[in-house]
Amino acid sequence: VLAVLSLTLLTLLAPSPARADNPIVQTIYTADPAPLVHNGRVYLYTGHDEDASTYFTMKEWRVWSSADMVNWTDHGSPLDLASFSWASSNAWAGQTVERNGKFYWYVPMTTRAGRMAIGVAVADSPTGPFRDALGHPLVDTNQIDPTVFIDDDGQAYLYWGNPDLWYVRLNADMISYAGSPAKIPLTTAGFGTRTGDANRPTLFEEGPWVYKRSGLYYLVFAAKCCSEFIAYSTAPGPLGPWTYRGTIMPTQGSSFTNHPGIVDFNGGSYFFYHNGALPGGGGYTRSVAVEKFSYRADGTIPTITMTAA
Ligand code: FUB
């Protein structure tokens with residue numbers, strides 16, 4: 001009995017391992033996680049699912065932050081559709097990056113003309129307030145889901161798209177670009193093989209997330225709507241050539257979409273995604289979540305399982 005008591009006491013007194021309580025946000029429905037590491041904190045930019053009964057009711061973006069990946073601070077909504085005079089609806093998946101002390105948040109929206117376009121908002125702090133940097137879309141190809149990446153040489157790239165995969169080289173001001181938006185070739189070698197849809201031969205669907213680690217470029221994406229899974233490709237450069245590397249997260253929980261974001265923080269690697277794990281959760285009532293993982297020695301990413309779905 002004494003031995004059992006001591007073991008129980010030891011277990012109770014031992015510090016619990018740093019792990020997130022999933023879903024990260026349990027007070028509202030959140031979607032499309034985009035983490036940013038800055039000054040010892042992880043800032044998490046999300047969308048907000050506001051109505052289970054209709055197709056994507058999303059009017060604002062929200063910010064959360066944490067110093068330990070366990071306790072999260074709610075920073076409210078420092079950016080919404082009303083921040084963009086040219087927007088009408090659909091505050092969908094974006095990403096924020098820091099450059100020279102300013103924070104640039106790239107977000108897709110439906111314009112008043114009914115097209116999907118990408119705007120850029122700017123702030124002096126990762127929690128805002130953010131304001132429309134341009135007063136008009138940054139790019140307008142009628143496609144969604146921007147991801148932004150600054151290479152070691154200072155060149156910044158914006159990627160986005162569904163059904164295509166677009167990119168443009170951003171200028172150093174981060175709110176204008178050089179040249180014209182161009183498409184990354186969607187080859188089956190680069191992005192896997194989709195069967196059953198002659199118009200979409202590869203697995204790439206949407207939600208690209210581009211980053212570089214140990215000299216290797218990663219393009220993680222949501223694959224094959226509409227029971228999306230998360231897959232990835234790698235390349236020796238920011239524009240390819242891409243090689244398909246397989247699945248990271250095979251499911252989407254009770255949502256029909258999933259959406260990736262990956263960062264390294266405090267010596268660990270973290271994979272953010274969304275599902276429908278909260279009560280009442282589903283395709284239009286999603287929740288962001290996170291899993292810690294380790295890259296294999298060759299830089300490949302293991303299969304990651306949702307802790308709650
Ligand atoms: O949240 C709206 C859309 O659903 C996003 O833009 C896509 O990535 C998918 O998650």
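Author: In this predicted model, a residue counts as buried if 20 or more other C-beta atoms lie within 10 Å of its own, as exposed if 12 or fewer do, and as partly exposed in between.

Reader: Is F204 buried or exposed?
Author: F204 is found in strand β15, and leaving aside its neighbours within four places in sequence, it is in contact with L165, L186, F191, F221 and A223. Within 10 Å of F204 there are 28 other C-beta atoms. The cut-off for burial is 20 or more, so F204 is buried.

Reader: How far apart in space are F204 and A93, C-alpha to C-alpha?
Author: A93 is one of the closest residues to the ligand, while F204 belongs to strand β15. In sequence F204 and A93 are 111 residues apart, and in space, C-alpha to C-alpha, their separation is 16 Å.

Reader: Which strands each supply at least two residues of the shell around the ligand?
Author: The ligand is surrounded by 13 residues, and the closest are W92, A93, G207, T257 and H259. By class, this shell has six nonpolar, four polar and three charged residues. The strands that each supply at least two residues of it are β1 (29-38) and β15 (204-213).

Reader: With which residues is W105 in contact, leaving aside its neighbours within four places in sequence?
Author: In soluble globular proteins, nonpolar side chains tend to be buried together. Leaving aside neighbours within four places in sequence, the contacts of W105 are Y45, L79, G94, T96, V120, A121 and F130.

Reader: How does D151 count, given its C-beta neighbours inside 10 Å?
Author: D151 is found in the loop between β11 (147-150) and β12 (156-160), where it touches K212 and P238, not counting residues up to four places away in sequence. Inside 10 Å, D151 has 14 C-beta neighbours. That number falls between the cut-offs of 12 and 20, so D151 counts as partly exposed.

Reader: Which residues does T141 touch, not counting those up to four places away in sequence?
Author: T141 lies in the loop between β10 (131-132) and β11, and with 17 C-beta neighbours inside 10 Å it counts as partly exposed. Not counting residues up to four places away in sequence, the residues that T141 touches are W166 and P181.

Reader: What radius of gyration does the chain have?
Author: The secondary structure of the chain comes to two helices and 21 strands, and its C-alpha trace spans about 75 × 45 × 40 Å along the principal axes. With 309 residues, a compact globule would have a radius of gyration near 19 Å, and the value for the chain, which agrees, is 19 Å.

Reader: Over which residues does pLDDT stay under 50?
Author: The chain averages a pLDDT of 93, and 94% of the residues score at least 70, while the model scores ipTM 0.98 and pTM 0.93. Where pLDDT is low, the predicted coordinates should not be read in detail. The stretch with pLDDT under 50, for which the model has five contacts beyond four places in sequence, is residues 1-19.

Note on methods:
Residues numbered from 1 in each chain as written. Predicted model: local features only at pLDDT ≥ 70, side-chain atom pairs only at ≥ 80, totals over all residues. Near = placed C-beta within 6 Å. Helix = DSSP H or I, 4+ residues; strand = E, 2+ residues; numbered from the N terminus. Nonpolar A, V, L, I, M, F, W, Y, C, P; charged D, E, K, R; others polar. Contact = placed C-beta atoms within 7 Å. pLDDT = per-residue confidence, 0-100. Rg over C-alpha atoms; globule rule 2.2 N^0.38 Å.
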